[in-house]
Every structure is written in structure tokens, then in C-alpha cells.
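This briefing is meant for someone meeting the structure for the first time. Please keep the sequence and the 3D view at hand while reading.

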Amino acid sequence: MSRRYLLYILCATLLSSSLCRAAAPSGDKASTRIVIDMAGRRVEVPAHIHRVLSMSPMGTILVYTLEPSMLLGWNYPPDAGERALLAEPYRSLPTLGGWFGKDTTGNLEKIMQVHPDVLISMGDAFATAQAERVQGQTHIPVFILDGSLERLPDTYEKAGELLGSAPRAALLAAECRRTLNEIKQKVANIPQDKRRHYYYAEGPKGLETESGGSMHVEALNFAGGVDVATGLQGQTGYGRSPVSMEQVLRWNPEIIISARDHTSAASEFYKTVWTDSAWMLVGAVRNCEVYEPPAYPFSWLDRPPSANRIIGIKWLANLFYPEIFRYDMRQETRRFYETFYHVQLTESQIDDLLATAVKTTGGKTR
């Protein structure tokens, strides 16, 4: 065999090896990409993401509505009512904890064992320091999304870019943008002196609430309500500030929204407010203007506040200003659950969802 032929074989072998390495990205930089999150961070993530975990329920709900097949688990165990309106097989996903509100049940070792491709941090503020800390400890990329109501369309689009789900994200973003724009434009034309004054009743006795600037009443304010507790002192980052019955009587709200979520006993307040002699002195109670938002599989308003607020602000706008917003809430509910939650509701399920969300007479639906 000639020396020239041997040299040819050696060069061909080296070239072939080089091409193979270039075509096989697994394990090197070619298997990743850079995506800029909503806090402006450059985050290196896998080229193709398949397994996602959110650090809080806000992000978990968003991922569930967008790409439920990628969701690895819940932050808290869904109760029976929540599971009934979650699509299979996602209702049976494991509970992996998280970092949200006063909850710090996130177990880094447990989280690493399920091998997420990316962790999502979504809240009312950009928790950059926390994201960097968790990313440094786990070596799993942490991607920050904006949790504010008005940025929700942008958040969907950014999440779609991250997860490779741009068409589905565009559909949900368009629905959010259409709803937000319609309500914002109509509310802008309502004079301040014609706007409904509400009290957001939290806790089993209804004597906890949120200041007007709290993220927990963001949906109520967006729908044109005026919080009687605006400027309340002693507000904490977690909300639920205590108030007295005397304060509520001085405020004398036109309408009361009774908070309800997976951690709250506020439904006890809704059941008892109609016969409580002190609360009967409040105009909203006398006029049967006390409402409790639907809570399954997620509260329409709060805790956790996420994409669920899109159906919530339609309900509120319709409730506050029925002469302006003429939504058919049965039809809107049916369509939202099918589009966002992947379930088709029966008529009886819609009845149950709206039972406490409409005009009542002494606690009984008209």
C-alpha cells in the first residue's frame, strides 16, 4: 500500500470523525440555546425542553394551560374538587413543593431527582436573587416570567419561546390580550364617581383584606372596582391584613367579594354572612351583593393569581357593571375551561362553579 494512499485514508478518517462530532450535539454546547427571560437574564437551556417544574403555583398553572405534558408536578396537593376539573393524567402528578408566599416546602434534592430541564420562577416581582441561588445549587436553569395580569399575553409568548410551543402560546396570548384590551377600554369610560366600591373579605370571619395596591386584588381593580381598603396600614407582602368590624362598617362597601382558594376558610364566611347581625348592617349584605368566586380547579381571582384571572376579570366586570359588560358567563366559562384547562364542562359542573358567583337572596341563588 503506497504512502500516498495511507495518507488519503488518514485524512478521510479524521474528516469523518470531525463531521460526526459536529452532527451529534449531545453533551456539548450545541445541545443548548440561550433564551432571555423576562428579567433580562440570558439563560442557557436545553435545545429541546421536555420536563418542566415551576417554583410557584403561578407558573405551574401557566405551564398546565400551555403544555401540560411537560409538567412534572404540583406545588401543593390538589384537593378532590380541584382534581375533578383537572384533565387526566395530570390530576395525579406528584406534589413537589415550591417557594411561594410563606411556603418554602421546595426540596432541592427531591426536585433534582425528577430531572427537570428547566425551573420556572413566576411571581409579582422578579426574584432574580432567588433564581440565581436555586440555579447555582441545582445546576438547573431557572427562567423568570412576569406574573402581572397585564403582561400575561407577553408571558405566554415568552413561555412559548422557551418551551417550543409558539403556536399554542400565540393562541392563549391572543385570548388574554383580547380580553384585557376590551375590559380596559370599557372601564376607562366609566366615571370615577360611578365605579363600584368593593371589600375583599378574607379569612373565616371576613375580617382580613388587601390594600388597593396588593397583587391579590389586581383583578378586582382591573375590572373597574374601587377597593375600600386602599391605603390600609400594616399591609405585608403576603396580604391578609386584619381589620375590625368597625372599619368595615365605616367603609360600608357596595359589594363584597369573599375570597376562596385551596388554603382559605373564607367559604365559611360566605355561608354565615347572611345571618350575622353585625354584617347585616353593611349595605352589600342587606342588598345581597356578596359573591364568592369559583375556585376549581383554580380560584378565578387569587391565590394563586395566574391565567385563571382572565375568566375572573370577565366575571367581575359583568358583576360590577352588567349594563356595560353583557357576557354570558355560562358560555364564557365553558369556552375558557376547554381552551385553557383542557376539559369540557357538563351543565351541572357549570351550575356548581357559578353557584356562589351570582346574585343571591340570603345566600340562595336567584
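The points below cover the cavities, the salt bridges, a strand hairpin and the cysteines.

The model is predicted. Two cavities of 30 Å³ or more are counted in it, and the structure also holds 24 salt bridges, whereas a search of the whole structure for disulfides finds zero.

**The largest cavity**

- The largest cavity has a volume of about 80 Å³, and its lining consists of P57, T60, I61, W74, N75, Y76, P78, E82, L86, P297, F298 and P304.
- Helix 2, which spans residues 57-66, gives the largest share of this lining, with three residues.

- For the second largest cavity the volume is about 70 Å³, and the residues that line it are E175, I310, I311, K314, E332, R335, F336, T339 and F340.
- Helix 12 (309-320) and helix 13 (329-341) each supply at least two residues of the lining of the second largest cavity, and the largest share, five residues, comes from helix 13.
- The lining of the second largest cavity is made up of four nonpolar residues, one polar residue and four charged residues.

**Salt bridges**

- As background, side chains of opposite charge can pair when their charged atoms come close.
- One of the salt bridges joins R41 and D37, with the closest N and O atoms 2.6 Å apart, and both R41 and D37 are buried.
- Another salt bridge is formed by R196 and E289, where the closest N and O atoms are 3.6 Å apart. R196 lies in the loop between helix 7 (166-188) and strand 6 (197-201), while E289 lies in the loop between helix 11 (283-286) and strand 11 (290-291), so the pair ties together parts that are 93 residues apart in sequence.
- R196 and E289 are both buried.
- R303 and D302 also meet through their side chains in a salt bridge, at 3.2 Å from N to O. R303 counts as buried because its relative accessibility is 13%, and D302 counts as buried because its relative accessibility is 2%; the cut-off for buried is under 20%.
- Beyond these pairs, a network of salt bridges links D146, R151, D154, E157 and R177.

**The hairpin of strand 1 and strand 2**

- Strand 1 (residues 32-36) pairs with strand 2 (residues 42-46) in the antiparallel sense, over five bridges, and V35 stands opposite V43 in strand 2.
- Five residues lie between the strands of this hairpin, where G40 takes a positive phi near 85°.

**Cysteines and disulfides**

- In general terms, a disulfide is a covalent bond between the sulfur atoms of two cysteines.
- The count of disulfides over the whole structure is zero.
- C176 has a relative accessible area of 0% and is therefore buried, and C288, with a relative accessible area of 11%, is buried as well.

Definitions and conventions
Residues are numbered from 1 along each chain as its sequence is written. Side-chain values use heavy atoms; hydrogens and water are left out. On a 1 Å grid over the protein atoms alone, a cavity is a set of points where a 1.4 Å probe fits but cannot get out, and a pocket is an open set with protein on both sides within 12 Å along at least five of seven lines; lining residues have an atom within 4 Å of a point. Grid points are joined across faces, edges and corners, and a volume is the space filled by probe spheres set on the points. Helices (H or I, at least four residues) and strands (E, at least two) are DSSP runs, numbered from the N terminus. Ala, Val, Leu, Ile, Met, Phe, Trp, Tyr, Cys and Pro count as nonpolar, Asp, Glu, Lys and Arg as charged, and the others, Gly among them, as polar. A salt bridge is a side-chain nitrogen of Lys or Arg within 4 Å of a carboxyl oxygen of Asp or Glu. Buried means under 20% relative accessible area, exposed over 50%, partly exposed in between (1.4 Å probe, protein chains only). Two strands pair if DSSP finds at least two bridges between them. A disulfide is a pair of cysteine sulfur atoms within 2.5 Å.
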